[in-house]
Amino acid sequence: MYNDDRPSLLTIIVDILFGFAIGLVYFWGVKEALHYGTALANKYIAMALPPQAAALSIGSYVPYVVFAPLAGFALRDVASVRSIKHFIVFIGCLAIGFAAAFFVQGQVHAWFAANVK
C-alpha cells in the first residue's frame, strides 16, 4: 500500500491563497476588504445577470462564499496534519501568501479602486 504523506499541489495553492486573503483582510481591515469584495461581485453580477436577478443583492454574500471554502480547505489541511514537516509546510504556505499580500496590497488596492465604483 502506497502512503504518501506529502502535501499535494492543490493543498499548497489553497493554503497560499488563504494566506493571501488573510493578509489582505489584515492589512486593509475587515470592513474595507468585504466592501471591495461585495462591490466587485455586484459589478460582475450586474453584467452577467438580468436586472431583476441583480437587484436581489446576491453580491453581498459573495465575499463569504469565496472565503468560506478557502478557510474550510485550510482547516481541513490543519486537521489532517500527521507530522511536523506537514505543519511547517502549511505555515510556510500561509507565510508566503501573507507576504505576497504585504508586497502587492498597494497594487491590488489601486486596481480595486479603479475597477470598483
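## A buried threonine

Thr 11 counts as buried because its relative accessibility is 14%, where buried means under 20% relative accessible area, exposed over 50% and partly exposed in between, with a 1.4 Å probe and protein chains only. Thr 11 belongs to helix H1; helices here are DSSP runs of H or I with at least four residues, strands are runs of E with at least two, and both are numbered from the N terminus. Apart from residues up to four places away in sequence, Thr 11 touches Arg 76 and Asp 77, a contact being heavy atoms within 4.5 Å.

## Basis of the model

This is a predicted model, in which local features need pLDDT of at least 70 and side-chain atom pairs count only at pLDDT 80 or more, while totals for chains, interfaces and linings use all residues. Residues are numbered from 1 along each chain as its sequence is written, and side-chain values use heavy atoms, with hydrogens and water left out.

## The chain as a whole

The chain contains five helices and zero strands. Read from the N terminus, its elements follow the order α-α-α-α-α.

Of its 117 residues, 26% count as buried. Among contacts in the chain with a separation of 6 or more, 79% are between residues 24 or more positions apart.

## Helices H1 and H5

Helix H1 (residues 9-28) packs against helix H5 (residues 84-115) at an angle of about 50°, and their axes are 6 Å apart. H1 is therefore oblique to H5, since angles under 35 degrees count as roughly parallel, over 145 as roughly antiparallel, 65 to 115 as roughly perpendicular and the rest as oblique. By class, the contact of H1 with H5 has 20 nonpolar, five polar and one charged residues.

## Leu 24 and Gln 105

Leu 24 lies in helix H1 and, with a relative accessibility of 10%, counts as buried. Neighbours within four places in sequence aside, Leu 24 is in contact with Gly 29, Ala 101, Gln 105 and Val 108. Leu 24 and Ala 101 are 77 residues apart in sequence, yet their C-alpha atoms are 5.6 Å apart in space.

Gln 105 is placed in helix H5. Leaving aside neighbours within four places in sequence, Gln 105 is in contact with Leu 24, Phe 27 and Trp 28.

Methods. Axes fitted to C-alpha atoms, helices over the stretch in contact; angles between N-to-C directions. Nonpolar A, V, L, I, M, F, W, Y, C, P; charged D, E, K, R; others polar.
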